[in-house]
Amino acid sequence: MTPAAESEQPACARFARTWVRSIAGTSYVSLSLAETEQLLLLYTERLVQALFAEPFRSTPAREVGFHLVNAHFTGIETLSRSVALLGDELLSELGLEGDERLQVRVAALQGALSAGYAQALRERTLDEQEAIRQAVLDARDAAEQARRASEARFRAVFAEAAIGIAIGDVRGRIVEANASLQRMLGYGLDELRKRRARDFMLSDDAAEVWRLYNELVRGHREHFRVDKRFVRGDGAEIWTNLTVSLIRDEQGAPNYVVVMVEDVTDRHLLQTRLRHQALHDPLTGLSNRSLFMDQLARVFENADGETRVGLCYLDLDGFKVINDSLGHDVGDQLLVAVAQRLDTYVSGRGRMVARMGGDEFVILIENTRSTEDVITVADQVLHGLTKPIKVGKHELTVSASIGLVEREVVGTTPADVMRDADITLYWAKADGRSRWAQFDAERNAREVARFTLSATMPSALERGEFYVDYQPLVRLADMRVAGVEALVRWQHPEFGRLAPDRFIELAEETGMIVPLGLWVLEQACAQAKDWEERFGADAPFVSVNLAVRQLRDPRLVYDVARILSKVGLRPQRLQLELTESAIMGNADEPLDALRSLYDMGVRIAIDDFGTGYSNLAYLRNLPVHELKIAGSFVEGLRTHSGPDAGDVDQQIVATLVSLAHTLGLTVTAENVETAPQAQRLRAIGCDSGQGWFFARPGPPAQIDELITEHA
């Protein structure tokens, strides 16, 4: 036995004693109570060992069921009481009744034990059947004395057999029936003789039963075996294993039919119970994932060219908070209440509600006419969940996010529908929760493209698919190029040229912004060194954007110093741009890194200044050289005068320029697109401008031309 099973020896002994008491008197065995208890203890230990075995196998339970029959525990109540006791008492004796994994294993052991028990009984039945059939054949061919002896033996078996036996003629009339069959069907012998085989056929019997019977009475087959339901004389239903054999006369023509009926009602009920457990959620009673997927597959299998189907994939909002704060018991009760409401709102022909796991549910709507059918169901669910749910002393309000899919069945698969519903569910959550979202193929394509970019970015950097464009920062006083901003681009082999807004956010989310940013920094510094060597004093400094994640990288200062040293560029020729929100935070470590870079001689600039909520007085304590005024303020300066002259924007820009100069900072205006903007900015006192008026981002050769033009 496993260590876990060995530690449960006392529990096994207690269970064995309970088992003995439970089945006492249900079977006739030649064992004392002590011997019976010892035998059942051995079986119990085998079951416990199988329960804890890894990997788990139910075969030992099947062997136990087989051995029970071989030990003559064959009473009608023996199996049902043993199976019920195994399900109700074993885990309780082991102190593990709350373990869901072991509960599933116990259910498997119950089924295996029943299967082994049934197999042993069936083999025993077949042995009896063969003996009876042989007795009938012997009675036909033997002499009168032999026939009488054979008939006596047959009568003994016929009368004393535990299974029901009937003899009928080929016209379907019942000639003889033993006491077991009379008790089983609830009819006396006289009543049975007045009936025909057809009287016991039910409307829901499979057509296969009739076909097999007709073939047998015509002599085309010798026997057949089926499971069949009967209605007793008192109206109760029983399930049986029916074995029908043909007896021929001396000329070989069909003469009699021998029917053996084994009552398997307990086994059938157990199998039905186990099947229900396998296909339904144990907490809510709803269909589980397996049953739902089977039903969805059937919808697709039986669909024609016009069949449509709809799905609502539902997830409760904030359910984890309820579980964590009020406990899993309250959470489970809430799930049960939600399941009941869903079943109430969605029940109907062609609809199914299933629990997929956790707090996720899915609703299948068959034969939809349009998306409106699915939207109507989703709205009903959302409205129904707004009513508070009473759970113990708590009155809880819960909402849900729902992903909707509705489409023709042709051209798609169950997996496609489930995938798209799951994707749409997360759209609903991202859009604000407590709402539904409908599947959008175009949006999904964008999401897929976004994921593709995210997944291929590391290898793209290695393959050299990224490159750097440069946009000039022009001194407004003399229109000479003072610096350039390095802007990374991606030449994707599938999507073509990608601007930063397509991939920078992804790089920040995945952490790729750090290696990508270092690559851009090294490329830009190498290019700045090249300009310095070729243009000397006229060479521009290079400005590189720094993401928040890069600023928090503890190796930032080391990496910048390493790159500058590697390319031989003076720190004063490098400017690092950070967003206002990143540099104005209160964290000490990023500011320490900036101060180290500042002390090294690297220029620090605040990008898009004016769009945040910065404390302007805080600027004088920051290691900053330059402010880059956000383009939204510059847009109002496009004209010289008039109602659109942007006086307010001009005053704001003038104030920012004055403040920056007071603090010893230079100012660059972004998004300069017209000559009037440049003139007004120069008049205000702005130091530099950047925008399409001067040049769009381009290759280094474009900057070469601008430097040469104004040299």
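Is Met 479 buried, exposed or partly exposed? I looked it up: Met 479 is partly exposed, with a relative accessible area of 26%. My cut-offs are under 20% relative accessible area for buried, over 50% for exposed and partly exposed in between, with a 1.4 Å probe and protein chains only.

**Ground rules.** I am working with a predicted model, so to speak of local features I need pLDDT of at least 70, side-chain atom pairs count only at pLDDT 80 or more, and totals for chains, interfaces and linings use all residues. Residues are numbered from 1 along each chain as its sequence is written, and side-chain values use heavy atoms, with hydrogens and water left out. Helices (H or I, at least four residues) and strands (E, at least two) are DSSP runs, numbered from the N terminus.

Met 479 is not a glycine, yet its phi is positive, about 60°. I found Met 479 in the loop between strand 13 (466–475) and strand 14 (481–492). Asn 367, also not a glycine, has a positive phi of about 55°. The loop between strand 8 and helix 15 (371–385) holds Asn 367, and this residue is exposed, with a relative accessible area of 56%. I also noted a cis peptide bond between Glu 54 and Pro 55, with omega at about 0°. Pro 55 sits in the loop between helix 3 and helix 4 (59–70).

Two strands pair if DSSP finds at least two bridges between them. For angles in general, I use lines fitted to C-alpha atoms as axes, for helices over the stretch in contact, with values from 0 to 180 degrees between N-to-C directions.

Strand 1 (residues 164–169) and strand 2 are antiparallel and joined by three bridges. In one pairing I checked, Ile 167 stands opposite Glu 176. The two strands form a hairpin with four residues between them, and Gly 172 in the turn has a positive phi of about 100°.

What does the side chain of Asn 241 make a polar contact with? Its partner is the side chain of Asp 227, at 3.0 Å. A polar contact is a pair of N or O atoms within 3.5 Å; within protein, one must be able to donate a hydrogen and the other to accept it, and residues adjacent in sequence count only if both atoms are side-chain atoms. Asn 241 lies in strand 4 and counts as buried at 6% relative accessibility. Not counting residues up to four places away in sequence, Asn 241 touches several residues, among them Arg 122, Arg 225 and Met 260; contact means heavy atoms within 4.5 Å.

I then followed five strands in an open sheet of mixed pairing, in the order 7-8-6-11-12. Strand 7 and strand 12 (436–438) are its edges, each with a single partner strand, so one side of each lacks a neighbour in the sheet. The twist averages 20° from one strand to the next. Strand 11 (residues 399–408) and strand 12 pair in the parallel sense over three bridges, and Gly 403 has Ala 437 in strand 12 as its bridge partner. Helix 14 (residues 328–346) packs on the sheet, touching strand 6, strand 7 and strand 8. Helix 16 lies across strand 6, strand 7, strand 8, strand 11 and strand 12, at about 145° to strand 11.

I found Leu 291, Phe 292, Gln 295, Leu 296, Val 299 and Phe 300 buried in helix 12. Their cover includes helix 11 (265–279), strand 6 (308–317) and helix 16 (414–430). At the start of helix 12, a side-chain oxygen of Asn 288 reaches to within 3.2 Å of the backbone nitrogen of Ser 290.
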